[in-house]
Amino acid sequence: MNISAQRDGARPKARGTERSLARRAELISIGRKLFADTSYDALSMDDIARQAHVAKGLIYYYFQSKRGYYLAIIQDSVADLVTFAASGIELPQVDRVHRTIDSYLRYAEHNQAAYRTIVSGGVGFDAEVHGIRDGVREAIVATIAEGAYGRTDIAPIARMGLLSWVCSVEGAALDWIDRAGPLSRDDMRELLVKTLGGVFRAVEELDPAYPAPKEARRGE
């Protein structure tokens, strides 16, 4: 499912006045700070209301439940990540790739609890969180494909190559934030850029219709 569509779908029905939308956005902004490094289970609705300095009923009014509030927060922060990754089309290809990976790592680093929730699939099997994760994956694949091949409607072999790389990035980023120290974000980014180059070369070998970008070629 499209990330922006998920975020739009979570907005309260028949409450779309400018004031209510602004109030809802304010609550999401507060929630993003509260849940950035705190797990879903660690905060009760009473904790949230107290730290946000609002009545608990106001959160229920806009989001119906704690889970609804948490999902809205994740959807909003992920939508920002995806929007940023997809922007910058005027940049040289290699710069855009570096920018996309760096923004992804920044998100994982500064929203660790939310990132763990997205990658692990939520509390138990949560179809909505899985949908958010799948939306992020497809958005990153599309961004990389657009930069590398000039289009997003790529052949299955190319898509699977990029998707496998994105999935490996998820696991590596989880380990990176858990260990907190051995690798800087710059080193992590450069490592992921180089492994992406290997994927490009493998795709080209299997399907010459998808040549690796010049920057990914060895000895050029």
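Reader: Which helices each supply at least two residues of the lining of the largest cavity?

Author: Helices α5 (66-86), α6, α7 and α8 (127-149) each do. Helices here are DSSP runs of H or I with at least four residues, strands are runs of E with at least two, and both are numbered from the N terminus. The model is predicted, so local features need pLDDT of at least 70 and side-chain atom pairs need 80 or more, while totals for chains, interfaces and linings use all residues. Residues are numbered from 1 along each chain as its sequence is written, and side-chain values use heavy atoms, with hydrogens and water left out.

Reader: What makes a space a cavity and not a pocket?

Author: On a 1 Å grid over the protein atoms alone, a cavity is a set of points where a 1.4 Å probe fits but cannot get out, whereas a pocket is an open set with protein on both sides within 12 Å along at least five of seven lines. A residue counts as lining if it has an atom within 4 Å of a point. Points are joined across faces, edges and corners, and the volume is the space filled by probe spheres set on them. There are three cavities of 30 Å³ or more, and the largest cavity holds about 70 Å³.

Reader: What does the lining of the largest cavity consist of, by class?

Author: By class there are eight nonpolar, no polar and three charged residues. The classes are nonpolar (Ala, Val, Leu, Ile, Met, Phe, Trp, Tyr, Cys and Pro), charged (Asp, Glu, Lys and Arg) and polar (the others, Gly among them). The lining includes Y104, Y115, R133, R137 and E170. The second largest cavity, of about 50 Å³, has T100, I101, Y104, I140, W165, V166 and V169 in its lining.

Reader: Why do H53 and Q64 count as exposed?

Author: H53 has 72% relative accessibility, so it is exposed. Q64 is exposed because its relative accessible area is 52%. H53 is in the loop between α3 (45-52) and α4 (56-63), and Q64 is in the loop between α4 and α5. Each is a residue other than glycine with a positive phi, near 60° for H53 and near 70° for Q64.

Reader: How do you know how many aromatic pairs there are, and what makes a pair tilted?

Author: Rings of Phe, Tyr and Trp (its six-membered ring) pair if their centres lie within 6.5 Å; planes under 30 degrees apart count as stacked, over 60 as edge-to-face and the rest as tilted. By this rule the count comes to eight pairs. One of them is F63 with Y69, at 4.8 Å centre to centre and 45° between the planes, which is tilted. F63 is buried because its relative accessibility is 4%, and Y69 is buried because its value is 0%.

Reader: Why is the pair Y104 and Y115 called what it is?

Author: The ring centres are 5.8 Å apart and the planes stand at 90°, so the pair is edge-to-face. The pair links distant parts of the chain, Y104 in α6 and Y115 in α7 (residues 112-120), 11 residues apart. Both Y104 and Y115 are buried. Elsewhere, ring pairs join Y61, Y62, F63 and Y69 into a cluster.

Reader: What makes K66 a charge over the face of Y40?

Author: The rule asks for NZ of Lys or CZ of Arg within 6 Å of the ring centre and within 35 degrees of the ring normal. K66 lies over the face of Y40, 4.3 Å from the ring centre.

Reader: What is the volume of the largest pocket, and which residues are closest to its centre?

Author: The volume is about 250 Å³. Of the 15 lining residues, V94, V193, G197, E215 and A216 are the closest to the centre. Two or more lining residues come from each of α6 (93-110) and α10 (185-206), and α10 gives the most, with seven.

Terms used. Buried < 20%, exposed > 50% of the residue type's maximum accessible area, 1.4 Å probe, protein only.
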